[in-house]
Amino acid sequence: VFFFQSARPILLLAFFVFNMVYIVILAASSGPAAPMRSEAVIITTLTIISTLSLFPYFIDTFQITTAETIITKLGEMAYLATKQQSNKNFDSVKANTDRVSAAIERLANMALNAVQQSDKIYAYHVGNELCDCVLKYQRHKFKLLPDWFDVPVWHSDNPDFFSLDDEALRTMVQNQSWLEWKVLKQYQMIYDQAIRNRSYGVTSLIAVNTRKICDSASARGDGAVVDMCIKFFNTFLRYAISADDGRSCGNVLHQYRQVAEFLLYNKGKMAWKSSANEAGPKEERAVMVAKYLAYYAEMALKRDLGPITELCAHDLSTLCQLAYLLESPLHERLLSTFLCVDDVASALQIETAVMGIRKAQLKLATTYMENGDEDLARQIQADMAEDPPDRMAIVRRQLTEFNEKEFWEVGERGTNVD
């Protein structure tokens, strides 16, 4: 397909064929007699030119058929199909939606094969192309005609949609979010395979690109897509925790926290478009994310993944600190959620997890004290009032021993959470 969309190799091939046909005709027209000198010169010249033209032809052909070019072309095809939809008739819109779906699925299959073969370069390329397609699509999404968003009804037999009931499909049509769902479902499939293969770079890339899609939707006030991305982040966390993959879980948590930070930072900067499952104002999603982080902190603890519970606590502490400094009305609710994270760890008497949570709480209490807000610091003190002195002494020693801003190992976060 891409070969016939490129003009130069087709022109070179046509030039070669024309010359060969002309040479044959010229030779045949001379009859049994030897060709004239002028004819021999023409035949020789055309043969040399035709042979030389094969070199740029094969170079162009090899460039067109490389995996990188195919991936890029598929991404461009998917995006261009979203811009070419029209309201002339049902078939024209359906043809473009079919083209988009086919391109997205082909990209996902290439990524799956790349992950299975541990070819992370191609997997990265596909993941970025899918993300770029969605980001460019979101810029003109709300200018598209209503017929474009009826696609899930037509594709109800597609593997990405047939598990949804009629009400879920109608909601997706109303929310105008079928394309984002399609791409995120491919991400889910690739992420699942990457978890199985322990392809940490791929899981990290998917988390990063999901955050980019979520932030773009948030900036444009697309609440339905933000809620959808939050669900997929939750799914990614569950996959990683169930597979005891602490590294992937940490990478997803890092991006998930940034989603909540973006929601807090961009409060009220753009009108928030309603969705069928409206969950309140934009910043309310930050509280939702905090509650989910607390939930998965508990799940990780039960899977004996104490370090993940500690990361959740530190991320919640960071969200509380940001909300406090921004004077967000959500700060009290975020703090309340944060102070409940240690309940399960204390009940199960998992000492290392409790100590990690206490370090996150003390960091937040320090922020309150630095800003002269002793009452909030007292709330944290009350939460750890029954802790034995020996534990608190160890926590204090660990916090004071390591005061470097950057972590002493290479990691996705680049900073020392303690």
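Phe232 and Phe236 both lie in helix 10, four residues apart, which is about one turn of the helix; helices are DSSP runs of H or I of at least four residues, numbered from the N terminus, and strands are runs of E of at least two. An α-helix has 3.6 residues a turn, so residues three or four places apart point the same way. The model is predicted, so that local features need pLDDT of at least 70 and side-chain atom pairs count only at pLDDT 80 or more, whereas totals for chains, interfaces and linings use all residues. Residues are numbered from 1 along each chain as its sequence is written, and side-chain values use heavy atoms, with hydrogens and water left out.

The structure holds eight aromatic pairs, a pair being two rings of Phe, Tyr or Trp (for Trp, its six-membered ring) whose centres lie within 6.5 Å, counted as stacked when the planes are under 30 degrees apart, as edge-to-face when over 60 and as tilted for the rest. The rings of Trp181 and Phe232 have their centres 5.5 Å apart and their planes at 65°, and the pair is therefore edge-to-face. Because Trp181 belongs to helix 8 and Phe232 to helix 10 (residues 223-242), this pair ties together parts that are 51 residues apart in sequence. Trp181 and Phe232 are both buried, where buried means under 20% relative accessible area, exposed over 50% and partly exposed in between (1.4 Å probe, protein chains only). The rings of Phe232 and Phe236, with centres 6.4 Å apart and planes at 50°, form a tilted pair. The relative accessible area is 5% for Phe232 and 0% for Phe236. Ring pairs link Trp181, Phe232 and Phe236 with Tyr191, Phe233, Tyr239 and Tyr256 into a cluster.

Phe232 is also among the residues touched by Leu184, together with Thr210, Ile213, Met228 and Cys229, when residues up to four places away in sequence are not counted; contact here means heavy atoms within 4.5 Å. Leu184 is placed in helix 8 (residues 178-197) and is buried, with a relative accessible area of 0%. Although Leu184 and Cys229 are 45 residues apart along the chain, their C-alpha atoms are separated by 7.8 Å. Gln193 lies in helix 8 as well and is buried, with a relative accessible area of 18%. The side chain of Gln193 makes a polar contact with that of Asn197 (2.8 Å). With residues up to four places away in sequence left aside, Gln193 touches Leu112, Val115 and Gln116.

In helix 17 (residues 374-383), the buried residues are Leu376, Ala377 and Ile380. Viewed down the helix axis, these residues fall within an arc of 100°, so they line one face of helix 17, the arc being that of the directions from the helix axis to the C-beta atoms. Asp375 and Ala382, on the other side of helix 17, are exposed. The buried residues of helix 17 pack against helix 13 (306-325), helix 14 (331-338) and helix 16 (351-370).

Over the chain, there are 18 helices and zero strands, and 49% of the 418 residues count as buried. Among contacts between residues at least 6 apart in sequence, 70% join residues at least 24 apart. The chain exposes about 20700 Å², of which carbon and sulfur atoms supply 56%, with accessible areas taken from the Shrake-Rupley method with a 1.4 Å probe.

Technical notes
A polar contact is a pair of N or O atoms within 3.5 Å; within protein, one must be able to donate a hydrogen and the other to accept it, and residues adjacent in sequence count only if both atoms are side-chain atoms.
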